Amino acid sequence: MRILYVEDEKFLAEAVIHLLKKNKIAVDWAEDGEMGLELALKPNYDVIVLDIMLPKMSGLEILSTIRGRGVKTPVIMLSALNEVEDKIKGLEQGADDYLAKPFKTAELIARINALVRRPPLVEKTEMACGDLVLDLDNRTINGESLTDKEAEILKMLMKASGQTVSKTQILAHVWGAEAEFDENYVEVYMSYLRKKLKQLGTGAEIKTVRGLGYRLVNV
Ligand code: CA
């Protein structure tokens, strides 16, 4: 198990990390908000432990940014006792648990273990839209193989059931933490997908909604 621990108080961090490691929990430590965000966007962690008061960027900002980009890693927020508002904000923005400082490291370990044991939300492995069947396990559409990104984009369009999905949403969800953000990627992938749909001879079509994004229709 590997966790990300974002904490600016060096002595506290060192003491906690020492005990986590003793309990066979590998830890990457980030000492400010910017570094924390950069690491939190990587798919490397079983749990993220996030202090709220941090230099450069607060724990709440990190949380809302990663959730906005589709990162589902469980998050435990830390903050000083009595900051009830922080607790509420954290849980509203998608934190999974909350621990008030000062805390016992044993308590933190128990919470981490509880989150890791919790079964992940079961995602459907097959989705359908009219005569179109997307198999997310095998990354195929009506038996034709897809790249990972093509499958993710189709999944978003199918989930939206005919509603428009914006380029920005697609970019954030499918490319996420990848360094270079460019909406042209989305256009390029849409053209790949359109070609594949055409070859399949399905009634499904990806429509461009000018200035807004894309939607999948199936007549
Ligand atoms: Ca702090």
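This is a predicted model: local features need pLDDT of at least 70, side-chain atom pairs count only at pLDDT 80 or more; totals for chains, interfaces and linings use all residues.

Residues are numbered from 1 along each chain as its sequence is written, and side-chain values use heavy atoms, with hydrogens and water left out.

**Stop 1: the calcium ion.** Select the calcium ion, then show Asp8 (OD), Asp51 (OD) and Met53 (O), its protein donors at 2.1 to 2.3 Å. Donors here are N, O and S atoms within 2.8 Å of the metal (3.2 Å for Na, K and Ca); water is not among the atoms, so sites may look incomplete. Along the sequence the donor spacing reads D-x42-D-x1-M. Aspartate 8 sits in the loop between β1 (2-6) and α1 (10-22), and methionine 53, 45 residues apart from it, in the loop between β3 (47-51) and α3 (59-68). Helices (H or I, at least four residues) and strands (E, at least two) are DSSP runs, numbered from the N terminus. Colour by accessibility and aspartate 8 comes up partly exposed at 29% relative accessible area, methionine 53 exposed at 58%. The classes are buried under 20%, exposed over 50% and partly exposed in between (1.4 Å probe, protein chains only).

**Stop 2: the parallel sheet.** Now pick the five strands of an open sheet, ordered β2-β1-β3-β4-β5 with parallel pairing; two strands pair if DSSP finds at least two bridges between them. Its edges are β2 (26-30) and β5 (97-101). Zoom in on β1 and β2, joined by five bridges, and find valine 6 with its bridge partner alanine 30 in β2.

**Stop 3: the antiparallel sheet.** Next, select β6-β7-β8-β9, four strands in an open sheet with antiparallel pairing. The edge strands are β6 (126-129) and β9 (144-145). Four bridges connect β6 to β7 (residues 132-135), and alanine 128 stands opposite valine 133 in β7.

**Stop 4: the cores.** Which residues have the most contacts inside the largest nonpolar core? Show Ile153, Ile170 and Leu216, out of 28 residues in that core. A nonpolar core is a set of buried Ala, Val, Leu, Ile, Met, Phe, Trp, Tyr and Cys residues joined through side-chain atoms within 4.5 Å. Its largest share, six residues, comes from α6. Finish on a second, separate core of 22 residues, which includes Val6, Ala30, Leu50 and Val75.
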